[in-house]
Amino acid sequence: MQSDIPTPPFRRLRGYAIDPGLSTQFQTRLMNQLVYKVKWEQLEPREQPGAEKKGGSRTEATCDSYPAGEYLEIVDFDPATGRFYEPVNLDHPHLLAQDGLQPSVSNPQFHQQMVYAVMMTTIENFERALGRKIMWAENIPVRPAPGQKKLDLHFQFVRRLRVYPHALRQANAYYDPIKKAMLFGYFNSAPANAQIQLPGATVFTCLSHDIIAHETTHALIDGLHRRYIDATHPDTRAFHEAFADIVALFQHFSFPEVLRHQVAQTRGDLRQQNLLGQLAQQFGQAIGGYGGLRDAIGEFDKDGVWKQKIPNAQDYANEMECHKRGAILVAAVFDAFLTIYESRVQKLMRIATGDARTPTGDLHPDLVDEIAKAAAKSASDVLRICIRALDYCPPMDLTYGDYLRALITADHDMVAEDTNGYRVAFIEAFQKRGISGGIKNMAVEELVYPLCHGMLDAAAEQSLGEHLRNLKNSVGYLTDRQELYAMTKDLIRGDRKQKRQGLHGLIEDVFVSGGSRRKFADLTGLMFPPNDAAAKKLGLEWAYITTKSASYAIGNVWLANRVTPDGNIVNHVVMTLVQKRGVRFKVNGKTVNVDEKGFFVPDSTPEAERGPDHIIFRGGCTLIFDLDTRQLHRVIKKDIDDHERMVLQYKFQHGLLGETDETYFSSQTMNALAGPFAFMHSHDH
Amino acid sequence: MANEKSVDSVKVRMYRHGFGDCFLLSFYQAENRVFTMLIDCGIKLNTKSEKVPITDVIADLKATLTPPGKKFPVLDVLVATHEHWDHIAYFHPTKFPDFFADFKIGQVWLAWTEDPEDKEAATINSRLRDGAAALQVASMQLAKTEGEEVAKVAGLYMGDQAAKARADFNVSLNNVLGFYGLKSDSGITYKKDGKISVETEVAMTNISDKLSQSGDGVKYFLPGTKVDGRSIPSGVNIYVLGPPKKGMINKSTPSKGASKETYLGIDNSGLTSFVDGLLHLGMDKAGGSPGSQASPFGEGVGIDPEAAKSDPYFKHTYFSPSEKHRTIENNWLDIAGQFALQLDGAINNTSLVLAIELADTGKVLLFPGDAQVGSWMSWHDCEWKVKRGSKTETVTATDLLENTVLYKVSHHGSHNATVKDKGLELMTHPELVAMIPEKENSYSGILYEPLLDRLNELCKGRVLISADAKYPPEKVELNKPKQLSAAEWKEFKSKLVVKELYVEYTIR
């Protein structure tokens with residue numbers, strides 16, 4: 001029976017490995033075109049006028065389709081030209097038979113194919129590392145709350161990210177968090193080296209693997225941690241940027257063609273200048289710089305000579321500009337990768353050459369293969385560790401130090417014994433750049449967040465465990481993301497009419513009003529004053545009279561099912577609890593102190609009453625709950641009453657940390673205009 | 001060698017009419033005024049001082065410059081630094097017809113970028129012109145669609161902030177356009193062979209054509225040259241520092257980092273397609289038809305929005321009524337803000353930069369117009385030969401900066417028009433005084449406080465600001481700054497005249 005033929009595991013789509021620029025260089029032309037193997041999905045079928053439903057004789061999988069699937073919808077509108085470009089039909093039999101369209105700069109349908117292939121590859125990398133389906137950030141309409149003055153936020157599931165491959169006419173591309181859309185630009189190049197690129201040629205950002213992967217990562221992080229777009233610390237925006245670069249960078253290493261080529265060219269020494277370490281090749285060349293735009297390993301100096309970057313322990317303390325600060329993190333992670341890679345490759349080199357030195361002649365092709373494999377393995381491990389760490393990060397105000405601790409803790413939970421020295425490699429690379437995580441002794445044991453066993457009241461912990469197991473049972477096997485979303489929300493909220501208690505109510509009952517108020521507050525970094533009046537004094541909201549505690553929000557509840565390298569299965573629930581307060585300050589020149597009597601409830605205090613020196617301050621925690629033991633496993637918290645952090649946020653947001661902003665159009669104006677990412681990537685500095 | 005007939009003092013009169021430059025320099029041999037020079041006379045739109053009407057300024061100029069027994073004001077040299085409204089507005093022949101029409105002007109000095117014979121200038125000007133025209137189209141379009149954009153985000157979380165940002169942005173954009181004497185609602189003034197904008201061009205043309213008719217005509221100056229000694233009184237050397245001749249003119253902001261120069265100048269901005277797109281949009285509105293270069297894929301590729309509305313896919317995605325907030329018609333125009341700054345910077349960098357040296361003492365008066373970073377950096381590529389007695393000496397930009405005793409602060413004291421290490425930090429002369437023509441709340445980021453702080457340190461408090469209510473020069477005159485010695489204070493006071501109409505300082 002032909003209907004028994006299973007759906008294919010992959011959709012094979014041709015594309016550029018890096019960007020079109022490399023196809024015109026003899027040395028790199030062969031490795032630059034590759035076939036992306038994208039996990040098969042049913043794309044939205046085209047309506048076929050007149051065609052009756054054929055009662056299953058022809059499976060849906062062979063219908064003509066639009067470039068819109070479970071995660072993305074590509075809408076190719078070019079507003080500057082006033083044209084809509086026809087959506088590519090990736091299910092056309094001819095395209096199915098020849099791995100999609102031939103790479104071409106002048107064919108907009110190929111552009112759609114390229115964007116689809118790279119975005120889906122990036123999404124897949126996240127899902128594999130996180131052990132669950134990814135969600136985009138929610139759409140949030142605001143409506144007046146019934147019978148209240150304040151506005152209520154409503155959260156709506158967003159199934160598909162909207163993708164516009166030709167939205168802008170500038171050397172820029174960005175993720176717009178309000179539109180839930182990716183906007184790619186195109187522009188005329190003005191390269192430093194006319195041999196590589198024709199001056200005046202059109203460069204499309206939607207054809208660059210790095211740019212696509214980078215922007216997709218912004219959207220993915222926004223879906224995981226909505227609060228990370230808030231600039232509350234010099235690290236927050238820089239982290240967004242750096243992480244997006246890290247994903248783009250390590251994705252290169254999953255392409256065997258590119259990898260083999262570069263390993264052969266550098267004779268296995270990836271510390272040398274190589275294409276894999278450079279982001280956004282063509283983009284960088286087109287606007288007149290040398291080499292890639294953001295180069296993790298090194299950069300060309302004034303005379304066009306390539307130099308490796310030398311880490312400096314002062315880097316972290318001194319560099320405040322967002323992209324430069326981001327580069328510190330990229331360099332640290334790349335450094336860790338190189339250490340891991342080199343320890344693997346040294347063996348191979350010794351076998352091949354008799355000593356561990358880099359050989360001088362061309363490498364044997366078999367050796368190139370083996371080295372490429374080692375690089376691919378190291379890279380995919382590093383990428384997975386980096387992504388997985390996101391589950392161990394606090395829900396807001398992330399610093400590099402927090403991230404380092406998240407990396408180490410997440411890896412510790414997955415791999416009990418660090419035989420390959422991964423964790424040490426990371427710590428060393430971060431330490432070299434002055435990133436400490438506020439821990440004096442940079443030992444692995446110190447950086448791992450402590451276990452929380454026994455820190456909750458046993459009975460309460462049990463009932464929480466029960467509730468979360470129910471969650472696992474009801475959503476653990478759902479495959480539809482919208483259903484998954486709706487069900488999770490429902491289990492958080494509960495249903496008063498059906499007298500079904502939600503997670504929110506449960507926490508309030510068993511911890512906040514159940515006698516362990518103090519203990520729970522200490523553990524989570526939240527505050528639970530006894531009554532409405534006390535809450536208001538602290539700037540905390542007490543939403544309804546019927547509530548038993550100051551308001552707090554459950555941001556995320558995620559299941560994480562992961563198989564460890566040792567074959568164990570980890571069953572965790574990750575959830576975040578968040579509170580917010582309005583904080584006023586007493587400012588005297590550069591001396592800033594929290595005004596202890598000036599806290600205000602943000603949502604019920606109009607802008608005009610907040611005074612000039614205030615911030616909206618958030619605190620809370622990420623809880624990791626182990627479903628197997630029914631125990632709270634780890635807590636990563638940012639205290640809501642941390643005055644030091646309040647002052648730091650104030651200073652940062654008011655430019656007192658030595659960061660200079662563009663003064664004509666304030667950066668705030670720019671950010672709010674099209675989201676924080678719109679202007680971070682326009683290269684004016 | 002002191003020459004009896006050498007100029008030994010210069011009075012610099014800074015008028016206080018608002019946010020704009022107007023400086024009258026009078027050169028003296030002992031008690032005799034031997035030479036007069038007016039540097040700029042303009043104002044940014046909507047920044048007039050309430051206290052000092054421009055007519056008073058013009059009246060004072062006429063009174064000061066009309067020789068006894070004559071009926072017409074006589075001016076030896078008129079300098080127009082660059083084509084921005086806040087520098088040349090009042091030379092406009094129809095808006096202000098009776099301001100300068102009766103002046104007898106010996107020479108008009110302009111930068112080489114205004115020279116119609118200069119090919120590089122022609123290229124630069126055509127780029128600037130296209131840019132300004134494009135910007136105006138963008139600004140009009142953004143203003144027109146503001147309501148539409150605000151409606152899109154209404155009712156969404158953070159939507160109120162996005163809406164406010166949109167409004168702020170459009171205001172800022174208009175603010176920049178104010179430098180060209182334009183407003184976004186004033187209609188398209190793009191003219192194929194015109195210059196940057198019709199209004200500033202008219203003013204500039206009036207300077208070079210009409211106002212120069214009474215004397216020797218227009219002189220255009222190249223960087224690295226000196227003003228011919230026959231045009232100026234003895235005892236004075238005038239060095240031309242800018243605008244720079246190659247490349248540097250497009251660099252308006254400081255580069256960060258040691259080696260990376262990823263700035264987008266006007267010529268390599270990557271914004272060509274943006275500008276083209278806007279010009280086509282502008283021509284569309286004016287009844288022209290868009291050319292083929294409008295599309296990156298050539299003509300005939302794709303379908304127009306009307307046809308797309310009935311396409312089943314676009315109908316339920318892009319045109320879905322519930323997803324209006326996800327549409328992108330106008331997002332490509334947002335780069336106009338950044339582009340406006342670049343354009344503004346590029347035009348500022350076309351400023352004629354003059355260093356006026358009193359040969360006897362070596363003291364220098366620095367008038368940089370609105371020169372920004374690129375211009376400053378290029379000064380150091382220049383060298384001048386100058387005769388001192390029987391010897392020929394080489395003068396560098398560093399020498400001139402070290403000997404500067406009066407610094408007319410570039411670009412009204414903004415953050416990117418006074419270079420630190422190769423500029424301000426070299427101005428170490430103990431008599432250094434700074435003058436800033438500027439009015440409060442006229443332009444965000446001006447006055448740039450850190451610059452003002454540093455100026456106050458270097459000048460030991462002798463910083464004179466024309467029209468900023470926060471920093472009145474009357475206050476400078478009243479209180480002796482701590483850093484000044486009693487003798488210095490006495491000396492400074494004796495050279496300073498503060499009036500409602502102007503601030504005048506004498507260099508001796």
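Analyst: We can go through confidence, then chain A, then the sheets and helices of chain B.

User: Okay, what kind of model is it, and what ipTM does the complex get?

Analyst: This is a predicted model, and the predictor gives the complex an ipTM of 0.86 together with a pTM of 0.84.

User: What is the mean pLDDT of chain B, and where does it stay under 50?

Analyst: The mean pLDDT of chain B is 85, with 87% of its residues at 70 or more. It stays under 50 over residues 184–195 of chain B, a stretch with 24 contacts beyond four places in sequence in the model, and also over residues 286–293 of chain B, where the model has 9 such contacts.

User: Switching to chain A, how many helices and strands are there?

Analyst: Chain A has 19 helices and 22 strands. Of its 685 residues, 51% count as buried, and among the contacts in chain A with a separation of 6 or more, 64% are between residues 24 or more positions apart.

User: Is Ala550(A) buried or exposed?

Analyst: Ala550(A), which sits in the loop between helix 17 (532–537) and strand 18 (553–563) of chain A, is buried, because 27 other C-beta atoms lie within 10 Å and the cut-off for buried is 20 or more.

User: What does Ala550(A) touch, leaving out residues up to four places away in sequence?

Analyst: Its contacts include Met527(A), Phe528(A), Pro529(A), Trp542(A) and Gln579(A). Glu508(A) is 42 residues from Ala550(A) in sequence, and the C-alpha to C-alpha distance between them is 9.6 Å.

User: And strand 2 of chain A, which residues are on its covered face?

Analyst: Strand 2 (residues 33–39) of chain A has Leu34(A), Tyr36(A) and Val38(A) on the covered face, while Gln33(A), Val35(A), Lys37(A) and Lys39(A) are on the uncovered one. Strand 2 pairs with strand 1 (residues 10–16) of chain A in the antiparallel sense over 7 bridges, and Arg14(A) stands opposite Val35(A) there.

User: Now chain B. In what order do the strands of the sheet with 8 strands come?

Analyst: The order is 6-5-4-3-2-1-16-15, in an open sheet of chain B with mixed pairing. Strand 6 (217–221) and strand 15 (496–498) of chain B are at the edges with a single partner strand each, so one side of each has no neighbour in the sheet. From one strand to the next, the twist averages 20°.

User: What packs on that sheet?

Analyst: Helix 1 (residues 54–65) of chain B does, touching strand 1 (9–15), strand 2 (22–29), strand 3 and strand 4 of chain B, and its direction makes about 15° with that of strand 2 of chain B. Strand 3 (residues 32–41) and strand 4 (residues 74–79) of chain B run parallel and are joined by 3 bridges, with Ile39(B) opposite Val79(B).

User: Last topic: how do helix 4 and helix 9 of chain B pack?

Analyst: Helix 4 (residues 159–177) and helix 9 (residues 336–348) of chain B pack at an angle of about 20°, with their axes 10 Å apart, and are therefore roughly parallel to each other. The contact is made by Phe169(B), Ser172(B), Leu173(B) and Val176(B) of helix 4 of chain B, and by Ala336(B), Gly337(B), Ala340(B) and Asp344(B) of helix 9 of chain B.

Note on methods:
Residues numbered from 1 in each chain as written. Chains lettered and ligands numbered in written order. Predicted model: local features only at pLDDT ≥ 70, side-chain atom pairs only at ≥ 80, totals over all residues. Buried ≥ 20, exposed ≤ 12 C-beta atoms within 10 Å, placed from the backbone. Helix = DSSP H or I, 4+ residues; strand = E, 2+ residues; numbered from the N terminus. Pairing = 2+ DSSP bridges. pLDDT = per-residue confidence, 0-100. Contact = placed C-beta atoms within 7 Å. Axes fitted to C-alpha atoms, helices over the stretch in contact; angles between N-to-C directions. Parallel < 35°, antiparallel > 145°, perpendicular 65-115°, else oblique.
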